[in-house]
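Biologist: I have a chain to go through with you. Could you take me through the fold and the surface, one topic at a time?

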Amino acid sequence: PTGTKLTGATIQYNTAAPKDILKDIIIWNVKRYDSFETSFVLKPTEKLVLKYTYDLPQSFTINNDNKQYRLYWQKQPGTVEDPFTFNFSPPFGMKILELNSGDGSINFEGKLTTDQSFSVNLR
């Protein structure tokens with residue numbers, strides 16, 4: 001959402017150490033969303049991990065009045081079954097109501113064949 005602050009960005013090719021690319025990220029505001037963009041070259045035999053770290057705007061902060069986290073992940077045109085991981089750990093003092101794993105977090109892995117929507121309710 002608009003007002004999201006990008007706090008970190010790294011790129012990692014194959015087994016090399018992650019490289020900080022925060023200063024290279026292009027930030028756009030598109031209607032009610034902030035978009036974080038970068039470009040890279042990925043050869044057919046390579047593996048790449050792109051990691052963004054961000055803070056949501058105050059109106060989306062999880063607190064006693066707002067106990068839900070939602071993420072809508074859009075599949076990009078032209079991509080085919082890109083693997084993705086969604087990890088969520090609840091804020092201190094809160095617990096996840098659904099999909100609770102042993103350590104109190106949610107870890108989901110899959111292939112991005114369609115848009116994905118995640119909703120986490122907390123107590």
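Modeller: This is a predicted model. Of the 123 residues in the chain, 20% are buried.

Biologist: How many helices and strands does the chain have?

Modeller: The chain has 0 helices and 9 strands. From the N terminus on, the order of elements is accordingly β-β-β-β-β-β-β-β-β.

Biologist: What box do the C-alpha atoms fill?

Modeller: Along the principal axes, the C-alpha atoms fill a box of roughly 45 × 30 × 30 Å.

Biologist: Where is P44 found?

Modeller: P44 is in the loop between β4 and β5. With a relative accessible area of 84%, P44 is exposed, because the cut-off for that class is over 50%.

Biologist: How does the lining divide by residue type?

Modeller: The lining of the largest pocket divides into 25 nonpolar, 13 polar and 9 charged residues.

Biologist: Staying with β5 for a moment, is K51 buried or exposed?

Modeller: K51 lies in strand β5. Its relative accessible area is 52%, so K51 counts as exposed, the cut-off being over 50%. From K51 to T2 the C-alpha distance is 20 Å, and the two are 49 residues apart in sequence.

Biologist: Now the surface. Which residues form a nonpolar patch there?

Modeller: I26, W28 and V30 form a nonpolar patch, and together they have about 300 Å² of accessible area. W28 belongs to strand β3, which covers residues 26-30.

Biologist: Why does W28 count as partly exposed?

Modeller: W28 counts as partly exposed because its relative accessibility is 48%, and that class runs between 20% and 50%.

Biologist: How many salt bridges does the structure hold?

Modeller: The structure holds 1 salt bridge. The side chains of K23 and D24 meet in it, at 3.9 Å from N to O. Side chains of opposite charge can pair when their charged atoms come close.

Biologist: Are those two residues buried or exposed?

Modeller: K23 is exposed, at 71% relative accessibility. D24 is partly exposed, at 40%.

Biologist: Where is D24 found?

Modeller: D24 is in the loop between β2 (19-20) and β3. D24 and E37 are 8.8 Å apart in space, C-alpha to C-alpha, although 13 residues apart in sequence.

Biologist: Which other pair would you put beside that one?

Modeller: S89 and N107 are 18 residues apart in sequence, and their C-alpha atoms are 8.8 Å apart. S89 is in the loop between β7 (82-88) and β8 (106-112). At a relative accessible area of 56%, S89 is exposed.

Biologist: Last topic, the backbone. What is phi of K31?

Modeller: Phi of K31 is near 55°, a positive value in a residue other than glycine. K31 sits in the loop between β3 and β4, and K31 is exposed at 78% relative accessibility.

Biologist: What about phi of E81?

Modeller: E81 has a positive phi of about 50°, and E81 is not a glycine either. The loop between β6 and β7 is where E81 lies. E81 counts as partly exposed because its relative accessibility is 44%, within the range between 20% and 50%.

Biologist: Thank you. Please restate the main points on the salt bridge and the pocket for my notes.

Modeller: The salt bridge is formed by the side chains of D24 and K23. The largest pocket is lined by 47 residues, and β5 gives the largest share of that lining.

How values were computed: Residues are numbered from 1 along each chain as its sequence is written. This is a predicted model: local features need pLDDT of at least 70, side-chain atom pairs count only at pLDDT 80 or more; totals for chains, interfaces and linings use all residues. Side-chain values use heavy atoms; hydrogens and water are left out. Patches are made of residues with over 30% relative accessible area and no salt bridge: like charges are joined within 9 Å, nonpolar side chains (Val, Leu, Ile, Met, Phe, Trp, Tyr) within 5 Å. Accessible areas come from the Shrake-Rupley method with a 1.4 Å probe; for residues, only the protein chains shown count as cover. A salt bridge is a side-chain nitrogen of Lys or Arg within 4 Å of a carboxyl oxygen of Asp or Glu. Helices (H or I, at least four residues) and strands (E, at least two) are DSSP runs, numbered from the N terminus. Buried means under 20% relative accessible area, exposed over 50%, partly exposed in between (1.4 Å probe, protein chains only). On a 1 Å grid over the protein atoms alone, a cavity is a set of points where a 1.4 Å probe fits but cannot get out, and a pocket is an open set with protein on both sides within 12 Å along at least five of seven lines; lining residues have an atom within 4 Å of a point. Ala, Val, Leu, Ile, Met, Phe, Trp, Tyr, Cys and Pro count as nonpolar, Asp, Glu, Lys and Arg as charged, and the others, Gly among them, as polar.
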